[in-house]
Amino acid sequence: MASSAEPTIPQLKQSFVSAQVTLLSQPLAPSRAWQAANDASDGPLPSRAVDDALFTLNHSIQQHCRRVYAPQATRNISEQIEDVYTKEADRRIGTGTDDDVEGALDRDVDLTNNATIEALPQTWISDKDVGLFPMEAKRYADNARRLVELNQQRKQLRSQVDRLNSLKSIIRPLETNDGGVGIQENLLTRGGPVEKELERMRILLARVGGRVNMLPEDGGNRPSSTDIEIKSSEGLSQIRKRRVDEFLADDKVFPS
């Protein structure tokens, strides 16, 4: 499942400002305590006058929010905040300044690349900044260590995926579709192709065996198999083998 892209700084800030504008533009209403105090006073304000005043006030608030907090204005504010973040990041890592720190990270560095992660310093590169910003330096070290661990896990997962893809390519000839067409056709199932082929072989063996038994021995001078007393199973096997060889060599049965 593909994950959605991370929101940018302008999107986050614009979403926050829009939420605050929505809260500011909510219509106002008198609280229960005020209504109770107004009802208990000697000269309470008429409800109609209060409703008219609230209607006019809420209308003015709506108009003010539409003019002052327009979407274009909130977008401009969000972009300005992003510019402040970018300049602060450039200042901290020394990008684009004369006193660049050796080994400083570029703001556009690809932290998803294996080579970049492996070459990433495990501690903050500026000792001066470590003293000035100890919490940020510790957070960087923790994030760098976590990034290396995640990169190792990604390598293991990629290796596992490669092995699984290799196995998938090996067993692809064994796959079947929804209709069962594939390797299933070669399985020994009732009424399947293998069973039909075995039935044909059984009939053919019976016919071959019948023809072999009808063959005379030594051109007809030998007695039939019914006249020969078989003393052992070994002699029976030799006779059968000789008859099969003679049958297969018979030109009348298998003309060349």
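How many salt bridges does the structure hold? The structure contains 6 salt bridges, a salt bridge being a side-chain nitrogen of Lys or Arg within 4 Å of a carboxyl oxygen of Asp or Glu.

The model is predicted: local features need pLDDT of at least 70, side-chain atom pairs count only at pLDDT 80 or more, and totals for chains, interfaces and linings use all residues. Residues are numbered from 1 along each chain as its sequence is written, and side-chain values use heavy atoms, with hydrogens and water left out.

**View A. Salt bridge between Glu118 and Lys155.** The two side chains meet at 2.5 Å, N to O. This pair links distant parts of the chain, with Glu118 in helix 5 (residues 114–118) and Lys155 in helix 7, 37 residues apart. Helices are DSSP runs (H or I, at least four residues) numbered from the N terminus. Glu118 counts as exposed at 52% relative accessibility, whereas Lys155 is partly exposed, with a relative accessible area of 30%. In these terms, buried means under 20% relative accessible area, exposed over 50%, and partly exposed in between (1.4 Å probe, protein chains only).

**View B. Salt bridge between Arg146 and Glu149.** The side chains of Arg146 and Glu149 meet at 3.7 Å, N to O. Because Arg146 and Glu149 are 3 residues apart in helix 7, about one helical turn separates them. Arg146 is partly exposed, with a relative accessible area of 43%; Glu149 is partly exposed at 38%.

**View C. Salt bridge between Arg200 and Glu197.** Here the side chains meet at 2.3 Å, N to O. Arg200 and Glu197 lie 3 residues apart in helix 8 (residues 193–214), so they are separated by about one helical turn. Glu197 counts as partly exposed, at 36% relative accessibility. Elsewhere, salt bridges that share partners join Lys138, Asp142 and Arg145 into one network.

**View D. Nonpolar surface patch formed by Leu164, Leu167, Ile170, Ile171 and Leu174.** Together these residues have about 490 Å² of accessible area. Accessible areas come from the Shrake-Rupley method with a 1.4 Å probe; for residues, only the protein chains shown count as cover. Patches are made of residues with over 30% relative accessible area and no salt bridge, like charges being joined within 9 Å and nonpolar side chains (Val, Leu, Ile, Met, Phe, Trp, Tyr) within 5 Å. One of the patch residues, Ile170, lies in helix 7 (residues 134–171). Ile170 is exposed, with a relative accessible area of 56%.

Definitions and conventions: Helix = DSSP H or I, 4+ residues; strand = E, 2+ residues; numbered from the N terminus.
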